[in-house]
Amino acid sequence: MKYIKYFILPVFLSIILCACSRTSSMDLSAIPEASREEISRIEPLNWWVGMKTPLQLLVQGKGIGSFDRVSIEGGKGIKVKAVSKAESPNYLFIDIEVAANAEAGEYQLVFSDGTSSFRHSYEFAQRRGGSAERKSFTTADLIYLIMPDRFANGDSSNDNTDCTLDKVARNEFFGRHGGDIKGIADHLDYLAELGVTAIWNTPLLEDNEPESSYHGYACTDYYHIDSRFGSNEDYRDLVASGHEKGIKMIMDIVTNHCGDKHWWMSDLPFADWVHQWPEYTHSNCAFSMQNDPYAAEIDKENMIGGWFDTSMVDMNLDNPYVLQYFKQWAVWWIEWADLDGLRVDTYPYNEKLPMSEWCKAVREEYPYINIVGEVWSNNVPQLAYWQGGNPNWDGFDSHLPSIMNFPLQSAMCKALSYDGEVSWDEGMVGFYDAVADDQYYHDLSNMMIFTANHDTDRIADIVAANPGRQKIALTLVGTLNGIPQIFAGDEQMFTSADRSQGHGGLRVDFPGGWEGDAIDLFTKEGRLAADRHFDGSAMQAGTREDVFSFAKKLFNWRKGSEAVQKGGTIHFLRRENTYAFFRYTEKETVFVFINNSDKNVTVPWEDYAEFTKAGAARRGVSSPELALGTDVISGASVDCSAVTLKPYSQLIVEFK
C-alpha cells in the first residue's frame with residue numbers, strides 16, 4: 001500500500017486516454033505550439049524506436065497538471081499509455097507505448113484541459129546499428145581517470161558562462177580552473193600514445209553550485225553538459241573522436257544525490273522526491289547497514305536517507321517516478337552519446353533494491369555494458385556483497401557487474417610506504433595478503449584495480465616521489481588480476497601541490513593544458529625539462545619522462561598480453577619486502593618480481609620450481625622449464641635464475 005498514491009490516478013487516466021490517444025485525424029495546424037511557460041521542459045530530451053526500456057516523460061510547465069488529456073500524433077506505432085499527475089500542479093508524467101514496428105520521426109504531443117489545447121514536438125530517432133550489442137570496458141583496457149576542470153583548457157571562451165554561478169579562479173585550490181571537453185579532445189593523441197583505451201571523466205553534467213562546483217558531483221541538470229565544459233554535442237563529438245583512436249568513454253554518474261541548486265528543488269514533483277528531514281541530517285556512512293543482520297531500522301534509514309553533504313540532496317529511489325527517471329536517463333546518455341560504460345558514484349548510499357533494479361534495467365537494454373560502482377570500503381566481505389552474482393546470505397543480488405578494489409589500493413599504499421625490517425603483515429607481505437583476498441570476490445575479471453583516484457591521496461605522495469616505487473605501483477596495477485585504472489598524472493609521478501589543502505591540493509592542473517603554462521608535460525621536451533614538483537620543490541630533470549616512458553611501454557605491451565588480461569595467478573611469499581607472482585595461460589607466462597626494499601635482492605628463482613619446472617605442466621603451461629625470457633620494459637633477454645634487482649625496482653619478464 002506504500003505507493004498507492006502513485007498508481008490509482010494513472011489507471012483512471014488511462015481509461016480517459018483510450019479515446020484521445022487515437023486521434024490521427026486531428027488538425028495539428030489549428031493547435032498552437034506550447035509557450036515556454038506552458039512547457040518549460042520535457043525529459044528525456046528525445047527517445048528512439050526499437051528500445052526495450054519503457055518511456056515515461058517528465059513534463060514541467062506552469063499548471064501543466066490541468067492539461068492531463070494527452071495524445072501523441074504523427075507516424076505510427078506510438079501512443080500515450082497513461083498520464084499521471086504529481087503533487088505539484090506543475091508536472092505531468094506521461095507513459096508512452098512504443099510498438100516494435102514504430103516509425104522514427106518527429107511526433108506531436110497534444111495537451112488539453114478540455115477547453116484549450118497546445119502541442120509540443122518530440123523526436124523518436126532511429127538507433128545506431130548494433131547499439132544494443134555494444135561492448136564495454138574489460139580487463140583488456142587501461143582506464144584513465146580525468147578531472148576535466150584540471151586537465152586542459154581547450155576553449156577559454158567558456159571559462160565563465162552567463163547561466164552558471166561559480167566563475168573561473170585558477171589560483172584557488174577549490175575554484176574552477178577552466179579545463180573542458182575540448183581540452184580532453186586536444187590531447188587524445190597523448191593518451192593513445194600512453195596506451196590508454198578508456199577514459200573515465202569525473203561528472204561533466206551541469207553543477208551550478210556557487211562554489212567548489214569544479215568536481216561536478218552536485219548535479220543541477222541531468223540532461224545537459226555543464227556549459228563551462230562545453231555542450232552535449234561537444235561531448236558526443238569527444239566520444240566519437242575517442243572511438244576513432246581506439247579509446248572508449250565511461251560516464252561518471254550520480255544517482256544517490258543531486259545538487260541543492262538543481263532546477264527541481266524550487267518545486268519538487270512529490271514531497272518525497274528527495275529525502276527530507278526536519279533539519280540537516282548527514283548520512284552515518286556505515287555501509288554495513290545495507291547487509292547487517294542486526295542493524296536497527298533507525299540506522300538503516302539514516303544511512304540511506306541521510307544527505308551526503310549540505311549541498312548534496314539525497315534522492316529517494318523508493319519513489320517509482322524517481323527510479324524510472326534515472327533508468328531512462330542512464331539509457332538516454334548511453335544511446336545519445338554512444339557511451340561504452342558507466343561508473344556510479346557513492347553506490348552503497350543508494351536504496352539497494354531500487355538500484356539493483358536500475359542495474360538490471362540498464363543491462364537489459366545493453367547486455368554487454370559494464371557498470372562499475374564506487375563502494376569505498378576496505379572491508380572485503382562488505383565490498384564483495386555489492387558485486388552482482390555474489391552468493392549473499394540474504395539472497396540480495398545487486399546486478400552490478402564491477403566494483404572498485406579499495407582494499408587492494410589501500411594495501412598497495414601501505415606497502416609501498418613501508419621501510420625497514422618486515423614481519424607479519426608489513427610491507428609486501430601485507431600486500432600479498434590483500435591479493436589473497438581475491439578469493440572472496442565473485443568475478444575477478446570485473447574488479448577495478450587502481451593506484452589512486454581523485455578522492456584518495458596521490459600515489460606519488462604516498463611513495464614520497466620515489467620514481468622506483470612509482471613504477472612498482474604502475475607495475476602492480478598493470479599486471480595483476482582486474483581492470484587497471486590510473487589517475488591523470490600518475491604516469492608522470494604527479495604529486496599534490498599542497499597536501500594540507502586536501503582534494504583541492506591533489507587535483508592539480510596538468511601543465512601544458514593552459515595557454516601560457518611555463519612547461520608542457522604533454523610533450524617529451526617538457527617532460528625532459530621538468531625539474532620541479534607541484535609544491536615547488538626540486539626534482540631531477542628527466543624524471544617525468546623516465547616514469548612516462550616506463551608506463552608507456554608497460555601499458556602498450558599489456559594490450560597484447562593474454563596472460564595478464566585473462567590468465568591464472570600464482571604468487572610467492574617472502575619476508576624481505578619483496579613480492580613475486582606469475583600470470584599464465586597455456587601459451588604464455590609473465591613473471592613479475594617486486595623489490596620494495598632498500599637493498600639489492602637476488603631473485604630466488606629456485607623457490608618457484610613448482611611452477612617453473614615440471615609442476616608447470618600440471619597447470620596446463622606448455623613450457624614446463626622456464627628461465628630465459630624477455631624483459632618487457634627493456635626488450636632484452638633475461639635469465640631469471642641469475643638476476644639481482646636494485647632497491648625499489650621491478651622486473652617484468654614474458655615467456656612465450
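Modeller: Welcome! A contact here means heavy atoms within 4.5 Å. By that rule Q382 touches F287, S288, N291 and S377, with residues up to four places away in sequence not counted. This is a predicted model, in which local features need pLDDT of at least 70 and side-chain atom pairs count only at pLDDT 80 or more, while totals for chains, interfaces and linings use all residues. Residues are numbered from 1 along each chain as its sequence is written, and side-chain values use heavy atoms, with hydrogens and water left out.

Colleague: Thanks! Why is Q382 called buried?

Modeller: The classes rest on relative accessible area: buried is under 20%, exposed is over 50%, and partly exposed is in between (1.4 Å probe, protein chains only). Q382 has a value of 19%, so this residue counts as buried.

Colleague: And where is Q382 found?

Modeller: Q382 sits in helix α8, residues 380–384. Helices (H or I, at least four residues) and strands (E, at least two) are DSSP runs, numbered from the N terminus.

Colleague: What makes two strands a pair?

Modeller: DSSP has to find at least two bridges between them. Strand β7 (residues 105–112) and β8 have 8 bridges and run antiparallel, with F111 standing opposite F118 in β8. Strand β2 (residues 47–48) pairs with β8 (residues 117–125) in the parallel sense over 2 bridges, and W47 has F124 as its bridge partner. β4 and β7 are antiparallel too, joined by 5 bridges.

Colleague: Why are β2 and β4 said to stand at the edges?

Modeller: The open sheet has 4 strands in the order β2-β8-β7-β4, with mixed pairing. β2 and β4 (69–73) each have a single partner strand, so one side of each is left without a neighbour in the sheet.

Colleague: What makes the pair Y223 and W332 edge-to-face?

Modeller: Rings of Phe, Tyr and Trp (its six-membered ring) pair if their centres lie within 6.5 Å; planes under 30 degrees apart are stacked, over 60 edge-to-face, and the rest tilted. There are 59 aromatic pairs in the structure. For Y223 and W332 the centres are 5.3 Å apart and the planes meet at 70°, so this pair is edge-to-face. Y223 belongs to strand β12 (residues 221–225) and W332 to helix α6, so the pair ties together parts 109 residues apart in sequence. Both Y223 and W332 are buried.

Colleague: Then why is the pair F494 and F534 called tilted?

Modeller: Their ring centres lie 4.7 Å apart and their planes are at 55°, so the pair falls into the tilted class. F494 is in the loop between β20 (483–487) and α13 (503–506), while F534 is in the loop between α14 (524–529) and α15 (543–558), 40 residues apart.

Colleague: How do you know that R527 lies over the face of F548?

Modeller: The rule asks for NZ of Lys or CZ of Arg within 6 Å of the ring centre and within 35 degrees of the ring normal. R527 qualifies over F548, at 3.8 Å from the ring centre. R176 also lies over a ring, that of F229, at 5.0 Å from its centre.

Colleague: What makes K352 and D394 a salt bridge?

Modeller: A salt bridge needs a side-chain nitrogen of Lys or Arg within 4 Å of a carboxyl oxygen of Asp or Glu. The closest N and O atoms of K352 and D394 are 3.3 Å apart, so the pair meets the rule. K352 is in helix α7 (residues 352–365) and D394 in the loop between α8 and β18 (402–404), 42 residues apart.

Colleague: Are K352 and D394 buried or partly exposed?

Modeller: One of each! K352 has a relative accessible area of 17%, so this residue is buried. D394 has 30%, so this residue counts as partly exposed.

Colleague: What joins D509 to R170?

Modeller: Another salt bridge, at 2.7 Å from N to O. The two residues are 339 places apart in the chain.

Colleague: Finally, what makes a nonpolar core?

Modeller: Buried Ala, Val, Leu, Ile, Met, Phe, Trp, Tyr and Cys residues joined through side-chain atoms within 4.5 Å. The largest one has 174 residues, and F111, W333 and F431 are among those with the most contacts inside it. Helix α6 (residues 320–337) gives the largest share, 13 residues. Apart from this core lies another of 20 residues, including I570 and C640.
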